[in-house]
Amino acid sequence: MRLAQLHRCIRPLSQGFCVLIGLVFAALPAIASADESNAVVSPRATVSLISDADAVAPGSRFRIGLRQKLAPHWHTYWKNPGDAGEPTRLVLTLPPGASAGPIEWPGPERIEVGGAVSFGYRDEITLPVTVNVPSDIRVGETFAVEAKAEWLVCAEQCVPESGIFRLRLPVEAVSKPAGSDTTAAFDAADLRRPQFSPWMAGLAVAGEGFSLILSGPGLSPETAQDAAFFPDDWGPVDYAKPARFTARVGEIALALARGPTFDASQRVPGVLAITDSGGATRWYTIAPRISMPPAPSPATAVPLWQALAFAFLGGLILNLMPCVFPILAMKATAVARLSGGELREVRLSALLYIFGILTAFTALAAVLLTLRAGGSAVGWGFQFQSPVFIAAMSWLLLLVGLNLSGVFEVRTSGLGTWSGGRGRAGSFLTGLLAVVVATPCTAPFMGVAIGAALVLPPILCVALFLAMGGGLALPYAALAVFPGLSRRLPRPGPWMLRLRQIMALPMYASVAWLLWVLARQTGEGGLIAGLAGTAAIGVAAWLFGLAQRGPWRRPWTYGGSVALALASVVLLLSLKPVDAPVRGIAASEHSEPYSERRLDNLRAEGRPVFVNMTADWCLSCLVNERIALSTDAVQAALKDRGVVYLKGDWTRADPEITRYLRAFGRDGVPFYALYPAGSGAPLVLPPVLTETAMLDAIAAIPRSN
Amino acid sequence: MPFCAISRRQTLILGGVSLIALGLPLPAFAAPQVGSSAPEFAVVDTQGTLRKLSDLRGKVVVLEWTNADCPFTIKHYKSANMQKLQKQATAEGVVWLSVISSAPGEQGYVNAAEANRLTASRDAAPTAVLLDPEGKLGRLYGAVTTPHMFVIDAKGVLRYMGGIDSIASTNVNDVDKAKPLFRDAMQAVVTGQTVANPVTRPYGCSVKYAT
């Protein structure tokens, strides 16, 4: 007869008999197998130390657990005991070199005694602790565990109890699982183990209380009939006041009373127990706070109007993205020039600019559709993976900068006119260029729109791209609709020249950045080609400028500049992406390179993983890394929770990463996903990260050891 | 769908929440607030003297919830920690009122004679012991545990409420290791300084109120 059954059957009998049985077990250690220690028995509780292994292997991990079998009405406590009581304490003595984690507290229940609310356990509970066996321990030795435990066991009254428990486990070449009785005890504890919450947790202050709000798919009055919240710490919640629970499809809320130290600006970490209509309870760790940024879950199908709205919004936001900054600079100069001009001219120019943007987006959509039809794994910002494109862009921007600096002027129609945004063709081409440069920065909402576009019928796809273009064009379009706005622009004057020269600076900065990206993509050879091209373009621009100014107006100056420009084009053809030498991300102190296999393996082991998909040409990725990912606090938090940091580099096309992104309905970087320990679904983090958001997300992961 | 739906709803919720949070002053917490006037009470002590808070203006008042059979209370009496604090307090002119809120039939319930005997046998030195078998005083102050400590300054303002120290255990050996949160608070109030930790976690057995 198993001990648990025995315990149940003797419950109705006198407590004295229970003690007697316990004493018999305590007095006969020979009966107990290696996986269960001596027991400390009182009329209130029978406590022993158990192991999930009958034999342990060097370098392996196993679990021990303090097993508490409680008499009816008696309870022991969770890590936060609630209004009264005291959590069980455990001090372990292990062989040299061995280490143990903290108690992995199973989810508690709410126990109300005489108006006070306690958090704890009834009937039977096992408090597991993970133990690491040193690799230098020899087979044939004994792995001895001594646990000094103190626990408070309470009904209406409380009795402090304590005991010293010993387990002697043989060290064998291969670990041996424990018998079914102790395994069942660990299984029961694991069923209560708090899981990482797959939902978004927020906090709302209302009246004298506050509400925990969980939202996301899978929540409904059926899946969540009742809930109880167990805060990690004393202070923010008044436990004794009744909580009010409400559920509807996609959202549940638990209204709680504020405790004496409630602070609306702080998060309230804890465990939420959700009971479904079948009566089964599951526990989830949450760390809600008011300012928690929205953490989107993977996108699937989006209603068309929403996709269009988000595409439009995404386009609008593009105006603010760093990638568009040089274009904004050009627009500013263009507007400055136009302020003295005819209203009709302003309106026409704005319309042409919009037309340029829409043309570019239509072209992008067409390219995307063509490639999609070709089955190519293609992603947003894909053109930045081509070194030829990068080099050409850097030279183009260099020309723009030199033009703004006054090295040469563009007076004829044709390629150059757009650079200053002068003239009708110029407005149109500025619009085109804005789109080309803007694409690598995936604004928060745009990823979804593009994801949707890739699975939508072609016509809708084009509509989406046009909506995005409309958003990008909106600020300038305002000029066309309200020509009065341009009258408020400053009068032309000498300041325009200075402004124009200053505007050259972001161009040069962009050139430097693009050359750096080029170096990452193509290695030293590519960088030399890029720099040679830069020099040739510089001389070409200078010659062109000379030719424009009086005495040097000779055919050879024009010819020379054209020849140099052509030479750079030839250089372009020599650019080829290299593979190994500058593999963007080597295993560093904090992260290791992403691969599908590595992720699968880690997930199979149940380890928590943080995936960061990035690219050198993605400025927002670099900014996120700087301010939110590589900070000491975040690195320490990741380490503390045992999170493995996988970093994928999409600087060059990488089909594995493209596949991964597509699985989330995304086609751009940055992309961040945090996988909890165990087999839970990943939490997709927003593309604009803050250190606080990262820490919040990490804090919500249960500790893994 | 989830992305968009959640983002929008969350934005609305968060927006609404921030409006509420910014627009409304925090309503009074039901339990007494540190920094506000301590709730007035008038209770006859075990010697038959009426103890009225408003009569004690000009003196620092300590309220100690106690239950002689609670292991947490026992820890502080067995280690003589509580008696020492009581003597130190009364020597400095503090009025120390031990309160027993256990209901008849519950753990820790005593009548006046038993309470006085208990005080003598424990060598305790409170100014007086208040019996609160109906739990009125306990609920008025939101006393949750035994021990649960309150310090009221000479102006009648509540300055401290919470635990006696920082280690929530029944182990006598922890008394010296713990940060004496209550003692520090009392000393700060007596010397007119600001209490560093005015609200701390009370720990102990639940108060055995009448149900």
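Tutor: We need one cut-off to begin: angles under 35 degrees count as roughly parallel, and those over 145 as roughly antiparallel. Please also keep in mind that this is a predicted model.

Student: At what angle do the axes of α16 and α18 of chain A cross?

Tutor: Helix α16 (residues 632–640) and helix α18 (residues 691–699) of chain A cross at roughly 10 degrees, and their axes come within 10 Å. Because angles under 35 degrees count as roughly parallel, α16(A) and α18(A) are roughly parallel to each other.

Student: Which residues of α16(A) and α18(A) meet?

Tutor: From α16(A) there are Ala633(A), Val634(A), Ala637(A) and Leu638(A). They meet Glu691(A), Met694(A), Leu695(A) and Ile698(A) in α18(A).

Student: Now the cores. Which residues touch the most other members in the largest nonpolar core?

Tutor: That core has 191 residues, and the ones touching the most other members are Phe229(A), Val62(B), Phe150(B), Val151(B) and Tyr160(B). Its largest share, 14 residues, comes from helix α12 (residues 494–548) of chain A. A second, separate core has 26 residues, including Tyr353(A), Ile357(A), Ala360(A) and Leu429(A).

Student: What is Val151(B) in contact with, leaving aside its neighbours within four places in sequence?

Tutor: With that exclusion, Val151(B) is in contact with Val60(B), Val62(B), Arg159(B), Tyr160(B), Ala185(B), Met186(B) and Val189(B). Two of these partners, Val62(B) and Tyr160(B), were also named for the largest core.

Student: In what order do the strands of the 5-strand sheet in chain B run?

Tutor: The order is β5-β4-β3-β7-β8, in an open sheet with mixed pairing. At the edges stand β5 (128–131) and β8 (158–162) of chain B; each has a single partner strand, so one side of each is left without a neighbour in the sheet. Neighbouring strands are turned by 20 degrees against each other on average, direction ignored.

Student: How many bridges are there between β3 and β7 of chain B?

Tutor: There are 5, and strand β3 (residues 61–65) pairs with strand β7 (residues 148–152) of chain B in the antiparallel sense. Val61(B), for instance, has Ile152(B) in β7(B) as its bridge partner.

Student: And chain B as a whole: how many helices and strands?

Tutor: Chain B has 7 helices and 9 strands. It consists of 211 residues, of which 43% count as buried. Among its contacts between residues at least 6 apart in sequence, 76% join residues at least 24 apart.

Student: Which elements of chain B have the lowest and the highest mean pLDDT?

Tutor: The lowest mean, 30, belongs to helix α1 (residues 2–23) of chain B, and the highest, 97, to β3(B). Over residues 1–30 of chain B the pLDDT is below 50, and that stretch has 44 contacts in the model beyond near neighbours in sequence. Chain B averages a pLDDT of 84, with 85% of the residues scoring at least 70. The model scores ipTM 0.74 and pTM 0.51.

Student: Back to chain A. What joins β1(A) to β2(A)?

Tutor: A hairpin does, through 3 residues. Strand β1 and strand β2 (residues 45–51) of chain A run antiparallel and are joined by 4 bridges. One bridge partner pair is Glu36(A) with Ile50(A) in β2(A). As for burial, β1 (residues 36–41) of chain A is mostly covered, with 5 of its 6 residues buried.

Student: Why does Arg193(A) count as partly exposed?

Tutor: Arg193(A) has 17 other C-beta atoms within 10 Å, and a residue is buried only at 20 or more and exposed at 12 or fewer. Leaving aside neighbours within four places in sequence, Arg193(A) is in contact with Glu104(A) and Pro106(A). Arg193(A) and Glu104(A) are 89 residues apart in sequence and 7.7 Å apart in space, C-alpha to C-alpha.

Notes:
Residues are numbered from 1 along each chain as its sequence is written. Chains are lettered from A and ligands numbered from 1 in the order in which they are written. This is a predicted model: local features need pLDDT of at least 70, side-chain atom pairs count only at pLDDT 80 or more; totals for chains, interfaces and linings use all residues. Helices (H or I, at least four residues) and strands (E, at least two) are DSSP runs, numbered from the N terminus. Two residues are in contact if their C-beta atoms, placed from the backbone, lie within 7 Å. A nonpolar core is a set of buried Ala, Val, Leu, Ile, Met, Phe, Trp, Tyr and Cys residues joined through C-beta atoms within 7 Å. Two strands pair if DSSP finds at least two bridges between them. Axes are lines fitted to C-alpha atoms, for helices over the stretch in contact, and angles run from 0 to 180 degrees between N-to-C directions. pLDDT is the predictor's confidence in each residue, from 0 to 100. Angles under 35 degrees count as roughly parallel, over 145 as roughly antiparallel, 65 to 115 as roughly perpendicular and the rest as oblique.
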